[in-house]
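Please work through the exercises below with the sequence and the coordinates open beside you.

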Amino acid sequence: MSANKATKLAVIGRGMIGSAAARHLSKMGHDVALIGPDEPADFSRHDGVFGSHYDEGRITRSYDPQPFWRQMNRAAISRYGEIAAESGVAFYREVGALYVGDSETTNVASVGKICAEDGILCEAYHDAGLAERFPFLRSTAGVQGYFQPRNAGYISPRRLVRAQTIAAERAGARIIDEPALGISESSAGVTIRTRSGSVEAERVLVAAGGHTQSLLGRSLGVTVYGRTVAMFRLGAAETQRLNGMPSMLCLGPKGDNPYILPPIAYPDGQIWLKLGGDPVDLPLESEADIKNWFRSGGSIEVADRLQTQILERIRDLHFEERRVVPCMTSFGDTGLPCIGPLSERVVVAFGCYGKSAKCSDELGRLGGMALLGEAKAELALMATSLP
Ligand SMILES: Cc1cc2nc3c(=O)[nH]c(=O)nc-3n(C[C@H](O)[C@H](O)[C@H](O)COP(=O)(O)OP(=O)(O)OC[C@H]3O[C@@H](n4cnc5c(N)ncnc54)[C@H](O)[C@@H]3O)c2cc1C
């Protein structure tokens, strides 16, 4: 594939990766159609596609155990300011990220070690020192904490998608607020079918999150799972008490390693504290499975477990109401996203491992580059090795 200026390109999926790809490609001067629907107003009655960005809190930080993801995180975080400036939409709060774990039974020390080796600013706290620095923690005996104060905190995935969409549109992209119903490829180009007509393009990037494989009609070796998060509505006094709380990642065995977002204002005007770390791997194997999962409203049993975990971690937490929210995530065997060509004209960017929101701008950029013929071999491997 050769990349000419003003190539007619389509991106399917106006989520975190697709909207980022559209921004990058439009800014490079290409003629881009970004195809994907808005967030459903009512999950229980929605008959279309779903996404993983319908929320106000996703943890961001430079640190990751794997070098590839640290590189993605750094590249994306360095452009948060640019995206906000291009769109006029603020989506990032640098409140820091705190890793905590029992110093005997978890590998929490590796966080400090990798941060030191990789030049990531990180403060270490232990026992009483941890309690003094983060007084909202319920128990700190034997616990080691590593706090990343810079380039860390949370983003609003909803606002980031909006920001990327606005920036892409300002750079010339055409937004088509509809799902793609099918893709057909010929020697002349690609036709993408939507309810209101067809979109013709020379090449298409499919970044449809959990729906990617069903839209393409083939497996890419990635499994989509349903996930439940629990949200806790806080009153004014609790919000005030937890002011300054960072994003938190609790290390521990599977099922006892939640992540916690600090109090965040949601569109309903209320302040919610969110907890995730659902240990139940519920595979969603078809379109029907995905739809039924989102319509179900998530698992009460998992939310009960998450509630116990938050009460164990935040001292004297008092909440007014609990909400149970379904989401989906995807995992492959390589630990890397799947970004590369499937054919002459169809390229994919997908595979989130529950951690691609923060670095979606870089993953989208790589998806865009793959569409222009510059795929990274190690990411394209899964797609190209299929029969
Ligand atoms: C509970 C939970 C917590 C998470 N927490 C974090 C976190 O703290 N930090 C972090 O970095 N990441 C986190 N993630 C991961 C992050 O949200 C995902 O990695 C990210 O949303 C994936 O981006 P995506 O573009 O691949 O998919 P999505 O963001 O899901 O976007 C896919 C888009 O494709 C659209 N689409 C689907 N089918 C079609 C179609 N046929 N036609 C057109 N459009 C279509 C959908 O409408 C959607 O907008 C979390 C994920 C979950 C589920």
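The exercises go from domains to helices, then to the core and the ligand, and finally to single residues.

**Conventions**

The model is predicted, so that local features need pLDDT of at least 70 and side-chain atom pairs count only at pLDDT 80 or more, whereas totals for chains, interfaces and linings use all residues. Residues are numbered from 1 along each chain as its sequence is written.

**Exercise 1. State how the protein chain is divided into domains, and describe the side of domain 1 that touches domain 2.**

Step one is the division: domain 1 comprises 8-58 + 157-222 + 334-384, and domain 2 comprises 96-156 + 223-331, with bounds that come from an automatic or database domain assignment. Step two is the separation, for which the centres, taken over C-alpha atoms, lie 28 Å apart. Step three is the contact count: 22 residues of domain 1 are in contact with 21 residues of domain 2, where contact means that the C-beta atoms, placed from the backbone, lie within 7 Å. On the domain 1 side, α6 gives the most, with four residues; helices such as this are DSSP runs of H or I with at least four residues, strands are runs of E with at least two, and both are numbered from the N terminus. Step four is the composition, in which the domain 1 side divides into nine nonpolar, eight polar and five charged residues. Here Ala, Val, Leu, Ile, Met, Phe, Trp, Tyr, Cys and Pro count as nonpolar, Asp, Glu, Lys and Arg as charged, and the others, Gly among them, as polar.

**Exercise 2. Compare the end-to-end reach of α1 with the expected value, and find what covers its buried residues.**

The expected span is 1.5 Å times one less than the number of residues. After the helix comes G29, whose phi is positive, near 100 degrees.

**Exercise 3. Repeat the analysis for α6, whose 14 residues should span 20 Å at 1.5 Å a residue.**

The end C-alpha atoms of α6 are 20 Å apart, which agrees with the expectation. Its buried residues are P157, R158, L160, V161, A163, Q164, T165, A167 and A168, and their cover includes α1, β2, β3, α3 (80-87), β8 and β9 (174-176). Just after α6, G172 takes a positive phi of about 115 degrees.

**Exercise 4. Identify the members of the largest nonpolar core that touch the most other members, and then examine A207.**

A nonpolar core is a set of buried Ala, Val, Leu, Ile, Met, Phe, Trp, Tyr and Cys residues joined through C-beta atoms within 7 Å. The largest has 104 residues, of which A10, V11, I12, I192 and A207 touch the most other members, and this core draws at least three residues from each of domain 1 and domain 2. Neighbours within four places in sequence aside, the contacts of A207 include V11, I12, I17, A21, A349 and F350.

**Exercise 5. Describe the shell around the ligand.**

The ligand is surrounded by 38 residues, the closest being G15, G51, G209, C352 and S356, and a residue belongs here if its C-beta atom, placed from the backbone, lies within 6 Å. The elements giving two or more residues are α1, β3 (58-61), β14 (223-234) and β19 (321-331). By class, the shell has 19 nonpolar, 14 polar and five charged residues, and at least three come from each of domain 1 and domain 2.

**Exercise 6. Decide whether N151, Y353, I339 and E378 are buried, partly exposed or exposed.**

N151, in the loop between β7 (143-148) and β8 (152-155), counts as buried because it has 21 C-beta neighbours inside 10 Å; its phi is positive, about 50 degrees, although it is not a glycine. Y353, in the loop between β21 (346-350) and α11 (360-371), has 17 such neighbours and therefore counts as partly exposed, and its phi is likewise positive, near 55 degrees. I339, in strand β20 (338-341), has 30 and so counts as buried. E378, in helix α12 (377-384), has 12 and so counts as exposed. E378 and I339 are 39 residues apart in sequence and 8.9 Å apart, C-alpha to C-alpha.

How values were computed. A residue is buried if 20 or more other C-beta atoms lie within 10 Å of its own, exposed if 12 or fewer, and partly exposed in between; C-beta atoms are placed from the backbone. Two residues are in contact if their C-beta atoms, placed from the backbone, lie within 7 Å.
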